[in-house]
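Let me put it on the screen.

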Amino acid sequence: MPYSILIVDDDIAIRNSVSEYLKAINYNVKGVLNAAEALEALTSFDADVVLTDIMMRGMDGLELTSKIKESYDIDVMVMTGYSAEYSYENAVQAGASDFIFKPFRFEELDLRIKRVLREADSKKERTKLLKKLEKIAITDALTGLYNSRHFFAQIKSEVNRHFRYSRALSLLILDIDFFKNYNDTWGHLEGDKVLMGIGEIVNSCMRSMDTAYRYGGEEFTILLPETKLQKACVVGERIKDGISDRVFEPEPGKKISITVSLGATELVRGEDFKTFIERADKALYKSKDTGRNKLTYLTS
């Protein structure tokens, strides 16, 4: 797919000649008369580069560059014949990626556009790679849920948000019942399948605002922002029932159901995240101590 160039110049002869040349070497090109038309065009024309004159009626090219950079991730090249009045520094300060003086050879313009496009593509690839690495750093590889490192960062953030805005915040902790026995009987590969299955069920039972984490081993946590304890318990029961309904088959013909125990609590104003987690943990172990395959909540 060819790259798209938006040309902004009130000199019709220059705009048309540049446009025809760029079209001839396989760019998708649109030409407009001034800054206002350029900003309007960008709402529908997906430009990779904006090539703008500086001296135009109304908004000049440097102001247009600043406006574009405020709203779009688009490279801007500025061109001018007034070399004494404007400098490369002026253009860079406005956000331009390059600066070219008129008259210029079309071949030079093409080379400069190609350089800007290469740098833009490299920047996008670096950004994609960084995002991928960031996601890997906060994701549990086995279940696809967030990991415990991200849990602690997020719970601190949510507790601080609770203090600022007085919004409810609830927490669920769940632990797989008798998971050691399952691993000892069927092996860790089958145990990993259980962990992956539970991760899928937890993810499917959450609301869009909730986030789930593999807390460690066979424990999972779910943060529920803007959620009172009663509603958190509804989500927890849905997760518990979804897990107990899932049938695992560690060997052909052997069907086994898994259960989990859960603890639930709601943040109390003034407490820190450690106390918040400890209370949810106590609720979890109360579920385990009183029969398992159940949810217990504690309010304080």
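I will go through a few helices, strands and loops in turn, and end with some backbone angles.

A word on the source before anything else: this is a predicted model, in which local features need pLDDT of at least 70 and side-chain atom pairs count only at pLDDT 80 or more, while totals for chains, interfaces and linings use all residues. Residues are numbered from 1 along each chain as its sequence is written, and side-chain values use heavy atoms, with hydrogens and water left out.

Let me begin with helix 1, residues 12-24, which has 13 residues and reaches 18 Å from its first C-alpha to its last, close to the 18 Å expected at 1.5 Å a residue; the expected span here is 1.5 Å times one less than the number of residues. Helices (H or I, at least four residues) and strands (E, at least two) are DSSP runs, numbered from the N terminus. Which residues of helix 1 are buried? They are R15, V18, S19, Y21 and L22, where buried means under 20% relative accessible area, exposed over 50%, and partly exposed in between, with a 1.4 Å probe and protein chains only. Seen down the axis of helix 1, these buried residues fall within an arc of 165°, so they line one face of the helix; the arc is that of the directions from the helix axis to the C-beta atoms. On the other side of helix 1, A13 and A24 are exposed. As for what the buried residues of helix 1 pack against, the partners are strand 1 (4-8), strand 2 (28-32), strand 3 (49-53) and helix 5 (106-138), with contact taken as heavy atoms within 4.5 Å.

Both ends of this helix deserve a glance. At its start, a side-chain oxygen of D11 comes to within 3.1 Å of the backbone nitrogen of A13, and just after helix 1, N26 takes a positive phi of about 80°.

Turning to helix 8, residues 188-205, we have 18 residues and a reach of 26 Å from first C-alpha to last, close to the 26 Å expected at 1.5 Å a residue. Its buried residues include G191, V194, L195 and I198, and among them is also E190, which counts as buried because its relative accessibility is 13%. Leaving aside neighbours within four places in sequence, E190 is in contact with Y182, E249 and P250.

V247 has S257 as its bridge partner in strand 10, and the two strands form a hairpin with two residues between them, where G253 in the turn has a positive phi of about 85°.

Next comes I173, in strand 6 (residues 169-176), and S261, in strand 11. Their C-alpha atoms are separated by 8.4 Å although the residues are 88 apart along the chain. I173 counts as buried, since its relative accessibility is 0%, and S261 likewise counts as buried at 0%. The side chains of S261 and D177 are joined by a polar contact of 2.7 Å, that is, a pair of N or O atoms within 3.5 Å, where within protein one must be able to donate a hydrogen and the other to accept it, and residues adjacent in sequence count only if both atoms are side-chain atoms.

Strand 11 (residues 260-266) also pairs with strand 12 (residues 295-298), in the parallel sense and over four bridges, and A264 has Y297 as its bridge partner in strand 12. With helix 10 (residues 273-289), these two strands make a left-handed β-α-β unit; a crossover is right-handed if, with the strands pointing away from the viewer, the path from the first strand over the helix to the second runs clockwise.

Finally, the backbone. Most residues other than glycine have a negative phi, and most peptide bonds are trans. The peptide bond from K102 to P103, however, is cis, with omega near -5°, and P103 sits in the loop between strand 5 (98-101) and helix 5. E226, in the loop between strand 8 (219-225) and helix 9 (229-245), has a positive phi near 55° and is partly exposed at 43%. N293, in the loop between helix 10 and strand 12, has a positive phi near 50° and counts as partly exposed at 33% relative accessibility.

Terms used
Two strands pair if DSSP finds at least two bridges between them.
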